[in-house]
Amino acid sequence: MPKNSTLWKRITCIMMIRAGRDNRDIMQCVQCSLNTVKAIRSKLGENSEDDEAVAARKPHSQRRDCVRTDAFLADLQVFSCVLSEGDVMPPHFFEQGLRLNADGYISMLDTVVKPWITRVANGRPYVFQRDSAPCHTGSKTIKWLVANFKDFTTPNVWPPSSPELNTMDYFVWGVVERDTNRTSSNTKAELMAKIRSVFAALTRETVARACSRFRRRVEAVIEAEGGYIE
């Protein structure tokens, strides 16, 4: 069929959506409008709250009286995690000025993350996935994970740089950034309150839908021979 025919564009768009490509990628390849991509996503059951829609968000314009400088944000380190069924851990804020090293990361896992997972998983088996930050992959951290978690992704089987395969990166943090930036925050306490509110508003259905795209994204990375898919 002709490459620029309506049917060709629709088929290509569907294939790229199924492969986990974002809206901008699809628009450039198929040479179609954002509305067309969104309409096809809707027919495929891909709601507007998906990760691609979040990735296409507009940059936030900051008020002149806002004191949210780089230094203001540098002190604000946040951690959270989700279960594939859609449960969301309330955000954990690290103490001001704390440099997140292996000891700090293990302390947080022990006192915050493990108790939450144990309670929510309620005896079900699980695999703990995290990225490849140095404090996540050090020997001390691995030793703690072996002793305390049922299963986890080891550094030797996980891509060292893989935001496309981490639900927190390809969906959750995008939503948090988008929604907390709708209005300016002039104090750290105000920003922290907004972040907590956004996390509390995440529904299990929305998060579970984002997690369900994980396998499709893994397949796309394999097809790209380990390369980026976004």
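How many nonpolar, polar and charged residues does the lining of the largest pocket have? The structure examined is a predicted model, in which local features require pLDDT of at least 70 and side-chain atom pairs count only at pLDDT 80 or more, whereas totals for chains, interfaces and linings use all residues. Residues are numbered from 1 along each chain as its sequence is written, and side-chain values use heavy atoms, with hydrogens and water left out.

The lining of the largest pocket comprises 21 nonpolar, eight polar and five charged residues (Ala, Val, Leu, Ile, Met, Phe, Trp, Tyr, Cys and Pro count as nonpolar, Asp, Glu, Lys and Arg as charged, and the others, Gly among them, as polar). A pocket is an open set of points on a 1 Å grid over the protein atoms alone, with protein on both sides within 12 Å along at least five of seven lines; a cavity is a set where a 1.4 Å probe fits but cannot get out, and lining residues have an atom within 4 Å of a point. Volumes are the space filled by probe spheres set on the points, which are joined across faces, edges and corners. The largest pocket holds about 930 Å³. Of its 34 lining residues, Cys81, Val82, Gln129, Asn166 and Met168 lie nearest the centre. At least two lining residues come from each of strand S1 (78–79) and helices H6 (102–121), H7 (134–137) and H9 (167–180), with H9 giving the most, four residues. These elements are DSSP runs numbered from the N terminus (helices, H or I, at least four residues; strands, E, at least two).

One cavity of 30 Å³ or more is present. Its lining includes Arg130, Asp131 and Trp158.

Five aromatic pairs were found in the whole structure (ring centres of Phe, Tyr or Trp, the last by its six-membered ring, within 6.5 Å; planes under 30 degrees apart are stacked, over 60 edge-to-face, the rest tilted). The rings of Phe79 and Tyr105 are edge-to-face, because their centres lie 6.4 Å apart and their planes at 70°. As Phe79 belongs to strand S1 and Tyr105 to helix H6, this pair ties together parts 26 residues apart in sequence. Phe79 is buried at 13% relative accessible area, as is Tyr105 at 1% (buried, under 20%; exposed, over 50%; partly exposed, in between; 1.4 Å probe, protein chains only). Trp173 and Phe199 also form an edge-to-face pair, at 5.7 Å and 80°. Trp173 is partly exposed at 26%, whereas Phe199 is buried at 3%.
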